[in-house]
Amino acid sequence: MSKMGRMESDTTQDSVTILRKSAPPIKTCRSTAEIAAAQRRGAEIETSKKFGAGGNIQHGMQKNALKLDNETEELHHERVSLSLARAIQQGRQGKEMSQKDLATKICEKIQVVQEFEAGKAIPNAQVLGKMERALGIKLRGKDIGKPLVPPPAKPAAGKK
């Protein structure tokens, strides 16, 4: 007899012992066709939605939420004034342009021009600058609706 006890096995001579068996590889289904095929096969399907998937969000909302909690006024975005909207409309009609013509001339969508003329747009200096040049009237500052005066020509550097 040995010091470790009896040397008997609980398996028979004909039994097979598998030392390593790898699990089937986990496949990630990316398309709906692959998911449907896996469902037809009867495979287990696990779905998980990632937080912030599809967005480019790298920070939380704690600061903005705190600002909103501390704010007592009603928050809203500033809109284009009705006098500006009227000036854009009159300038466009004075040049005998449609909203589509103005939009194509300033390389913007028709909806942008429609929103500016309805007074629903959020003021954008770049779009207003394009409209000023296309219509030839001032749309920013004090003299809204007045003719746009071209900037003075700069003298040539080589001549004195």
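I take a contact to be heavy atoms within 4.5 Å. On that basis I looked up contacts in the protein with a separation of 6 or more, and residues 24 or more positions apart account for 45% of them. The model is a predicted one.

**Overall make-up**

I went through the secondary structure and found six helices and zero strands. Along the sequence the pattern reads α-α-α-α-α-α. I then checked burial: 17% of the 160 residues of the protein count as buried. The accessible surface comes to about 14,800 Å². Carbon and sulfur atoms hold 52% of that surface.

**Helix α1**

I looked at residues 32-41, which form helix α1. One of its ten residues is buried, so the helix lies largely in the open. After α1 comes G42, and I noted its positive phi, near 85°.

**α3 against α5**

Next I looked up how helix α3 (residues 82-94) packs on helix α5 (residues 110-118). The angle is about 125°, and the axes are 7 Å apart. That angle makes α3 oblique to α5. From α3, the contact is made by L82, A85, I88, Q89 and R92. From α5, I listed F116, E117 and A118. Sorted by type, the residues of this contact are five nonpolar, one polar and two charged.

**R92**

I followed up R92, which sits in helix α3. Is R92 buried or exposed? Its relative accessibility is 8%, and the cut-off for buried is under 20%, so R92 counts as buried. I then listed its contacts, leaving aside neighbours within four places in sequence. They are M97, S98, Q99, L102, E117 and L135. E117 is also on the α5 side of the helix contact described above.

I checked which residues other than glycine have a positive phi, and noted two entries.

- E96 has a phi near 55° and is not a glycine. I place E96 in the loop between α3 and α4 (99-105). Its relative accessibility is 72%, and since exposed means over 50%, E96 counts as exposed.
- C107 has a positive phi of about 60°, although it too is not a glycine. I find C107 in the loop between α4 and α5. With a relative accessible area of 65%, C107 is exposed.

Methods:
Residues are numbered from 1 along each chain as its sequence is written. This is a predicted model: local features need pLDDT of at least 70, side-chain atom pairs count only at pLDDT 80 or more; totals for chains, interfaces and linings use all residues. Side-chain values use heavy atoms; hydrogens and water are left out. Axes are lines fitted to C-alpha atoms, for helices over the stretch in contact, and angles run from 0 to 180 degrees between N-to-C directions. Helices (H or I, at least four residues) and strands (E, at least two) are DSSP runs, numbered from the N terminus. Angles under 35 degrees count as roughly parallel, over 145 as roughly antiparallel, 65 to 115 as roughly perpendicular and the rest as oblique. Ala, Val, Leu, Ile, Met, Phe, Trp, Tyr, Cys and Pro count as nonpolar, Asp, Glu, Lys and Arg as charged, and the others, Gly among them, as polar. Buried means under 20% relative accessible area, exposed over 50%, partly exposed in between (1.4 Å probe, protein chains only). Accessible areas come from the Shrake-Rupley method with a 1.4 Å probe; for residues, only the protein chains shown count as cover.
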